[in-house]
Amino acid sequence: MTAEELLAFDRRHIWHPYSSINSTLPLYAVESAEGVRIRLVDGRELIDGMASWWSVIHGYNHPVLTEKLQEQAGLLSHVMFGGLTHEPAVELARLLVEITPDPLDLVFYADSGSVAVEVAMKMAIQYCFAAGKPDKKRFLTVRSGYHGDVFHCMAVCDPVGGMHQIFKGVLPEYFFADRPECAFHDDWDESDISSFKKLITENHGRLCALILEPIAQGAGGMRFYHPEYLRQVRALCDQYDVLLIADEIATGFGRSGKLFACEHAGISPDLLCLGKALTGGCMTLAAVLATRSVGEMISGGEPGVFMHGPTFMANPLACSVAHASVQLLLDSNWKQRISSIESGLRQGLAPCPEFENVAGVRVLGAIGVVEMKDVVVMEEIQPAFVEKGVWVRPFGRLIYVMPPYCMAQEDLSLLTTAICEVVAEQLSQ
Ligand SMILES: *Cc1c(COP(=O)(O)O)cnc(C)c1O
């Protein structure tokens with residue numbers, strides 16, 4: 001197949017994320033990828049600023065991970081997890097229990113982030129049901145969040161940016177506290193927590209859990225909020241007997257500068273969702289970690305089991321490459337790498353706030369965000385980035401990057417320079 005034929009067939013027959021079948025947006029065919037570079041079929045190479053949506057933290061085609069996949073494929077690619085177990089699932093669980101905040105002790109494997117969020121929400125409902133509090137089955141969250149694309153995930157995504165309008169009447173209606181305004185590096189402002197405090201105080205009798213992204217909100221707005229907000233949220237959840245679900249699908253595994261973003265606030269959730277970087281971007285896999293007390297409550301009450309079991313639960317290929325990826329991360333100098341990416345992003349994006357079309361710039365860990373005043377025009381901005389040899393995929397008013405941790409300073413500087421140039425070019429258009 002020629003590149004033209006490939007793209008033509010794709011356009012005619014394949015859906016892409018959030019796409020229209022009539023899309024005229026640019027589409028590029030990838031041949032391979034190595035390190036921080038994506039190679040297109042036409043031979044062009046792009047420096048990847050997206051880590052394939054947070055996941056490819058070690059870069060593409062990492063020899064350790066590729067070898068692990070090949071080795072595991074020769075042993076066992078898949079086997080059902082009902083009544084059977086295997087070393088990759090056990091070794092990965094052992095590692096996850098060890099490195100996640102302390103009381104988290106139980107692992108449920110799922111196949112994608114959205115399913116993990118759904119599973120955590122089901123656990124919270126079953127927890128309250130088993131505790132003899134069946135009226136506590138609704139959820140509280142904060143605005144500007146993103147938790148995935150299946151129904152209950154959508155129901156806790158930001159109601160404006162999300163899909164509440166279209167799916168009204170189908171989506172359950174939950175409680176939304178104002179988004180945290182006090183930024184990560186700002187001085188703490190006590191009034192920031194008041195909306196949350198009011199909602200939980202008034203509604204705790206109906207609430208089984210709060211779900212939020214700790215510290216760094218991802219696709220709902222790319223905002224970084226104050227650790228004190230999260231500390232107070234934890235305390236209020238304890239006070240009112242509401243479980244805390246931390247969705248660290250985007251932030252987990254070092255991205256925010258801590259292994260898990262909850263550590264910025266020194267708190268631990270009752271349920272923790274992991275995904276994205278879990279396998280280093282090699283396979284789809286997610287996990288929910290739960291405290292033993294949550295697990296015991298669910299298992300001790302009616303119906304005595306947790307009601308979920310995916311066909312591909314704990315896929316051995318995914319578990320073994322996840323174990324290798326997490327171990328690779330732990331054995332690396334990831335903290336130093338993240339902090340040098342953080343300073344590289346800060347320095348490289350420093351010219352952006354001067355541009356009239358830029359609303360703000362923020363950096364936390366290996367995440368850099370340029371918020372524009374207006375929604376970007378994808379037809380123009382996407383080819384502009386590709387022509388400069390970088391892969392950056394903006395959405396709405398946000399141009400953002402979260403590069404693989406192995407990105408060298410020269411490549412990072414090419415990436416941030418391209419962003420500054422594209423932002424400047426937008427101004428003159
Ligand atoms: C990506 C993401 C999800 C959904 O994960 P999928 O694997 O895309 O289903 C959920 N929560 C957060 C915070 C995410 O970033």
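In what order do the four strands of the open sheet with mixed pairing stand? The order is β1-β2-β3-β15, where strands are DSSP runs of E with at least two residues and helices are DSSP runs of H or I with at least four, both numbered from the N terminus. The model is predicted, so local features need pLDDT of at least 70 and side-chain atom pairs count only at pLDDT 80 or more, while totals for chains, interfaces and linings use all residues. Residues are numbered from 1 along each chain as its sequence is written, and side-chain values use heavy atoms, with hydrogens and water left out.

Two strands are taken to pair if DSSP finds at least two bridges between them. Strand β3 (residues 45-48) pairs with β15 in the parallel sense over two bridges, and I47 stands opposite V390 in β15.

A further open sheet consists of three strands in the order β13-β14-β16, with antiparallel pairing. Its edge strands, β13 (358-364) and β16 (398-401), each pair on one side only. The twist averages 10° from one strand to the next. Six bridges join β13 to the antiparallel strand β14 (residues 367-372). Across this pair, R362 stands opposite V369 and G360 stands opposite E371. The hairpin of β13 and β14 has two residues between the strands, and G365 takes a positive phi near 55° there. Five of the seven residues of β13 are buried (under 20% relative accessible area, with a 1.4 Å probe and protein chains only), so this strand is largely enclosed by the rest of the structure.

Helix α11 (residues 334-348) packs with helix α13 (residues 409-427) at an angle of about 30°, their axes being 9 Å apart. Axes are lines fitted to C-alpha atoms, for helices over the stretch in contact, and angles run from 0 to 180 degrees between N-to-C directions. The angle makes α11 roughly parallel to α13, a term for angles under 35 degrees. In α11, the residues S340, I341, G344, L345 and G348 meet Q409, L412, T416 and C420 of α13. By class, this contact of α11 with α13 has four nonpolar, five polar and no charged residues; Ala, Val, Leu, Ile, Met, Phe, Trp, Tyr, Cys and Pro count as nonpolar, Asp, Glu, Lys and Arg as charged, and the others, Gly among them, as polar.

Note on methods: Angles under 35 degrees count as roughly parallel, over 145 as roughly antiparallel, 65 to 115 as roughly perpendicular and the rest as oblique. Contact means heavy atoms within 4.5 Å. Buried means under 20% relative accessible area, exposed over 50%, partly exposed in between (1.4 Å probe, protein chains only).
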